[in-house]
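Have the viewer open while you read.

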Amino acid sequence: MYDNRASESAVTADDIKIEAKGVNVHYGTTHAIKDVDVSILDKTVTAFIGPSGCGKSTFLRCINRMNDTIDVARVTGDIRIDGEDINDARVDPVQLRAKVGMVFQKPNPFPKSIYDNVAYGPKIHGLAKNKGDLDDIVERALRRGAIWDEVKDRLHAPGTGLSGGQQQRLCIARAVATEPEVLLMDEPCSALDPIATGQVEELIDELRRDYSVVIVTHSMQQAARVSQKTAFFHLGNLIEYGDTDEIFTNPKDPKTESYITGRIG
Amino acid sequence: MTDATQIPSSGAARPAGKSIITTDDRTKKRNAAEKRFRMYGIAAILAGIACLVVLLGSILMNGASAFQQTFIQVPVYLNPEAVDPNGNRDPEEMGSATTFTYKPIVVDAMAALVEERGIETEIDPGDMDALFSAAAVAQVRDRVLANPELVGETVTFNILASSRVDGYLKERVSRDSVARDSNIDAGHLDIVDELRAEGDVVKRFNWDFIFGADASESRPEQAGMGVAMLGSFFMMLVVLGLSLPIGVAASIYLEEFAPQNRLTDIIEVNISNLAAVPSIVFGILGLAVFIQFMEFPQSAPLVGGLVLTLMTLPTIIISTRAALKSVPPSIRDAALGVGASKMQSVFHHVLPLAMPGILTGTIIGLAQALGETAPLLLIGMVGYIATNYPDGVASGFLDPNSAMPAQIYEWAKRADPAYYERAWGGIIILLVFLFAMNAIAILLRRKFERRW
Ligand SMILES: Nc1ncnc2c1ncn2[C@@H]1O[C@H](COP(=O)(O)OP(=O)(O)O)[C@@H](O)[C@H]1O
Ligand SMILES: [Mg+2]
């Protein structure tokens, strides 16, 4: 965890968006996350890498309390967003999830029209006063999701009729439509072909201007391409966290080194 | 790899390698086994279809005749001295003339008709009542009371023939059986033959079988399903109104909200077990709880509906839970991920996707309830003679009534073979309802089905 301290000293406290201290997650008797401390910066893409089953998704789901929906999951420790404890009894997870958007591994548009997919979040959070407002929000979100040009003529066609890559960008548009401040992405490209992956990666780089983006990926090339910070997990431990360039060129921990050179994975 | 493509042409020339043209013994055996298995499957399906054809065929053959009824067209002189002794055409005073007064009028009319057609017969004119139904007398009386101005005129009536005459036209009654029958003589049948030739006796479609009320044991020709149909209708309203909301709410709670623990496991197992509990058990429960303890009226569709609700709930819960389970979890994640509450995710996304399954399960549950007889036995809906139409919604729920399957059971139990025919006819009506409900289930499924 010394790297952690090192990175903290490298940035000013204002830039810290999410701060986790002593986070532990148990699934029944499985200890999935072991005492993880990490500080995630605003307007930065942070990549979580590590062999599969090491707890990347689990940790990501702690940040918007999606683990609440799993009966056997038990989360302890302190996670703060903008200094506010997200596990505080007064926090409504619904409000939290409006602030922390999530994009899932498999594109999962609602079986509704493209327009309704994007409009749903703003509608339930009361972000639009009238139909015109909502139309604007939808257009802005679809532009953010870099899919507006492809779907502007068929906003009322089903979202499930799009190609995989388009669906994933629609899901990103849906996530940004609620005006979140943090965007969590769990392997958003693992179900996509290389061209669609390229488009989504470009989009992630765009999103960095407004959001704190956390992306789980099993592709080290992807982590190197899109992220500024990288965290390496192994068997539930956060082994190393630092600037992406540093991690890939000069890893401090031998486990990190063997992972990025392909010896564990 | 490259020579693999040459095998077809050089197969025979290469004894060392294995040819794929000639099938070896193992493959032959396996193919034979597969073929055999396919044959078993086809045989099973054919046997099933054959049974179905026999079943439907026999139902149609036995029951179709119930939809036809024999009528006699007879001019009746409405003698004012008999039907309106006070001579003032006041329906209220005329009401004091009972069917006893009217019977001779109809008997005389029959005798007159026989004479007018020039039919030679040894039958005493006073014995003509064997030709027509007792219901015919009431039919004439009702018409007169409704139109007092008819008194004194000769009006042509289409009266119901007696069940023996009807049976004769349907070949259920023969001259042999008539010899042993005290209700009718061979002479009557001769009259019927002649009147039929004249076109006075006709067999035609009988709407009263579908919409009419049940009749007493001795008047099968008059009995219909209508009132029992209403009884079933009001029961189904109760079942639908209670079991759909309760069943869906319970399923949503169990599937989406309840924690996974010992208690919910026990509840789950018990619901599955309830689905297998014999329906008569629900019947005796209904008798004890609704009638004896809560003192609801006996034979009432409300009580029948409550009992059938208990019976239908497990079916609806099981199918609703299956439908909810089949909605991909990714949809729930997506909704929660954009900040929907649990309830919003269920009502906006999960429930609409589960709708086809829920509706299908509900309609199948209702169809089961519609055909259920045993529990009705215990709450007195069998054996009640449903001769009165309910005169409103409240009496539809609370007045004693029967139900379609109970009515069929009742008819099948009665001694007169004319009722046997009506039981089959009733089965046809019940099946039409069941087919219609299944068709609705399929249509709703189509309409609500969406891909994701
Ligand atoms: N819903 C769950 N129930 C029980 N165990 C789980 C569940 N989800 C994940 N786990 C366990 O937690 C560990 C970490 O899983 P996960 O976070 O999905 O790994 P990753 O995303 O890095 O591949 C694994 O050992 C996995 O088996
Ligand atoms: Mg994962």
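A network of salt bridges links B:D166, B:K170, B:R172, B:E421 and B:R422. A salt bridge here is a side-chain nitrogen of Lys or Arg within 4 Å of a carboxyl oxygen of Asp or Glu. Side chains of opposite charge can pair when their charged atoms come close. Over all chains, the rule gives 38 salt bridges.

Before going further, some bookkeeping: this is a predicted model, where local features need pLDDT of at least 70, side-chain atom pairs count only at pLDDT 80 or more, and totals for chains, interfaces and linings use all residues. Residues are numbered from 1 along each chain as its sequence is written, chains are lettered from A and ligands numbered from 1 in the order in which they are written, and side-chain values use heavy atoms, with hydrogens and water left out.

Helices (H or I, at least four residues) and strands (E, at least two) are DSSP runs, numbered from the N terminus.

| Salt bridge | Closest N and O atoms |
|---|---|
| B:E255 with B:K325 | 3.8 Å |
| B:E256 with B:R332 | 2.7 Å |
| B:E268 with B:R321 | 3.1 Å |

B:E268 sits in helix α12 (residues 262-275) of chain B and B:R321 in helix α14 of chain B, so this pair ties together parts 53 residues apart in sequence. For burial, the cut-offs are under 20% relative accessible area for buried, over 50% for exposed, and partly exposed in between (1.4 Å probe, protein chains only). B:E268 is partly exposed at 26% relative accessibility, while B:R321 is buried at 10%.

B:K325 is exposed, with a relative accessible area of 55%.

As for the salt bridge from B:E256 to B:R332, it runs from helix α11 to helix α15 (residues 329-337) of chain B, a gap of 76 residues. Both B:E256 and B:R332 are buried.

Over to chain A and strand β9 (residues 229-234): six of its six residues are buried, so the strand is largely enclosed by the rest of the structure. A:K229, A:A231 and A:F233 point one way, with A:T230, A:F232 and A:H234 pointing the other. Strands pair if DSSP finds at least two bridges between them. β9(A) pairs in the parallel sense with strand β3 (residues 45-49) of chain A over four bridges, and there A:A231 is the bridge partner of A:F48. With strand β10 (residues 237-243) of chain A, β9(A) runs antiparallel over six bridges, and A:A231 stands opposite A:Y241. Two residues separate β9(A) and β10(A) in a hairpin, and A:L235 in the turn has a positive phi of about 50°.

Finally, the interface. Counting contact as heavy atoms within 4.5 Å, 22 residues of chain A touch 20 residues of chain B. The area buried between them is about 1700 Å², with 62% from carbon and sulfur atoms; buried area is the accessible area (1.4 Å probe) that two parts lose on being put together, summed over both. A:F110, A:P111 and A:Y120 supply 30% of what chain A buries against chain B, more than any other three residues. How many salt bridges cross the interface of chain A and chain B? The rule finds zero.
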